[in-house]
Amino acid sequence: MSQLSSGICRRLNEAPQEEIDQLASGHTVQLLSIKKVAPTSSSTTATDRFRIIISDGVHFVQAMLATQLNDLVANGDINKNTVVVIDKLACNFVQDKRLIIILDLHVVSRDEEKIGAPTAPPSTQDAPAPAVVEAASSSVASPAISSSTGQTKQPQPQPRTGPSGRGGRSVYPIEGLSPYQNNWTIKARVTQKSEIRTWSNQRGEGKLFNVTLMDESGEIRGTGFNAVVDELYEKFEEGKVYYISKARVNLAKKKFSNLQNDYELSLEKNTEVEECLETTSVPMMKYNFVELSSLEKLEKDNTCDVIGVVKEVGPLGEITSKATNRTIPKRDLTIVDMSQYSVRLTLWGKQAEQFAADDLSVVAFKGVKVGDFGGRTLSMVSSSIMSISPDIEEAHLLRGWYDGIGTEKNFQSHTSGSSGASFGGFNRNEMRHLSDVKESQLGMSDKAEFFSTRATIMHIKSESISYPACPTQGCNKKVVDLGSGWKCEKCDKTFERPEHRYIMSMAVADWSGQAWLQGFNEAGLAVFGKTADEVHEIKERNEAEYNALMAQASGVTFNFSCRAKQDTYNDQTRVRYGISRITSLDYREEAKHLVDLLKSPWAQ
């Protein structure tokens, strides 16, 4: 029992609010219980919440585990009777009841027996009801209903003041924010600031930007529209720390963000933003790196953090929108890591234009999207963050490894089929003419077969090129229009509107013949340079503009990486050719290939 911090549980239970910060770290406790909190009937979040009981050997108290620590439970790193050191905690008051949130900890030992015979501290208050716990610790709560008035009573956590406060005002952890709180202030670092984006539709025009904010408890996304862009955009700088208050807390729109937070901030005209010069208590970027060799374990469209040495920087290219003639800059990088794998990672927009790292620089990427071509590729999205030569341990280790022995290693890429010279997922050793594909009867065996081809789009079936999909990240199932909303049977949720996704059928041709290829969302984005939602909106608004968009896509040549597989429909067996990946022609790579052919032994 001497290894536990005797007395800490009673102090956490009784200490005045202003002393909580002084008790926030360095205490050793035992976890007597870890239980998942059942979501309330009105909860819309899929994030698990865990209630824990901590003991100092003499007394025990209840607490909540911050959601960023959920992996410790899922991986079995902490369980019943594990001894841990609390590194960070926060304390809120909900309906006059104290709620402790464990923000960070590290394990001392596992598989221990229960230490001592702890009891509840004197005058222990009842724990908050589950609905209130969810409200206070970033889940959706059901408001309590007054039986006498029938009016909704929303739980209001009391402000937290003390050393972290500003001018006597409260400073809340991001993890603790919810729509049920008022008069809060967060102290957070800006880890990402987007470009100003504009839109124009039948409802009018507008502009917006977003920032990603982080403190020791977690991350949250903030978005400002129209006049707020003019007021606040220049105030935010990436890497700096700010006090932020008077923003509205809303449910997060998961289709626009990959952050693990059920809420987001709506920045308004009266939102206060003040730079904080004392930044020691706010951490730098947090990563959960995945080795490149492990990308195969991730599902397509998931996001992840990776760090690698930039083995090759591709030329600046672009995709042109046929409808608006707007060009989207892009640049491909090839990165490698200590798992001896390489992967292609695509930058877009200004990140592609302004990329300034040299070959062999170490670059960390947060929240990049996983793509699929018989293996894995990566792509930056609007919420992704890139850090060149970051001052973190993983970067220093990778730098030392590569400079020491990495330059002598051969790196394996995430591609399927036969090996050989390849770029962008387009494998020359698998390249075939369309007539050869059919004559060879690729796909007629029990297993899928892969091939590459270069062909020109001749026609796109325009009757239906997209479907209404579930906006939940990673779901993509078709939703049903109920009139009052769109229902996803898989998620058992109803949404105000769906997210359209491409499902295309196109006739392509080369010198030898023609074939029908089936493509999904990535194919549509490459062909049109627009999301399926944007194309669907054009179709609904202006049929002539939609038909022109379809016509303009014809006559364009692409490199296709395809999957041939037979299927049976209406008792008829046929081979379907699915597009695994579609890329624009890279003329620099074409020229390089011709040079390599001229240098080959048989050409001498």
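Q: Which residue in β29 does Lys-487 stand opposite?
A: Lys-487 faces Thr-494 there. The model is predicted, so local features need pLDDT of at least 70 and side-chain atom pairs pLDDT 80 or more, while totals for chains, interfaces and linings use all residues. Residues are numbered from 1 along each chain as its sequence is written, and side-chain values use heavy atoms, without hydrogens or water.

Q: What makes β28 and β29 a pair?
A: Two strands pair if DSSP finds at least two bridges between them. Strand β28 (residues 486–488) and β29 have three bridges, in the antiparallel sense, so they meet the definition.

Q: Why are β27 and β29 called edge strands?
A: The open sheet has the order β27-β28-β29. Both β27 (480–481) and β29 (493–495) pair on one side only. Strands are DSSP runs of E, at least two residues; helices are runs of H or I, at least four.

Q: What makes helix α8 mostly covered?
A: Six of the eight residues in α8 (521–528) are buried, that is, under 20% relative accessible area with a 1.4 Å probe and protein chains only (exposed is over 50%, partly exposed in between). Among them are Asn-521, Val-527 and Phe-528. Gly-529 follows α8 and has a positive phi, near 65°.

Q: Why does Leu-4 count as buried?
A: Leu-4 has 5% relative accessibility, so it counts as buried.

Q: Which residues does Leu-4 contact beyond its neighbours within four places in sequence?
A: With contact meaning heavy atoms within 4.5 Å, the partners of Leu-4 include Thr-28, Ser-55, Val-83 and Ile-115.
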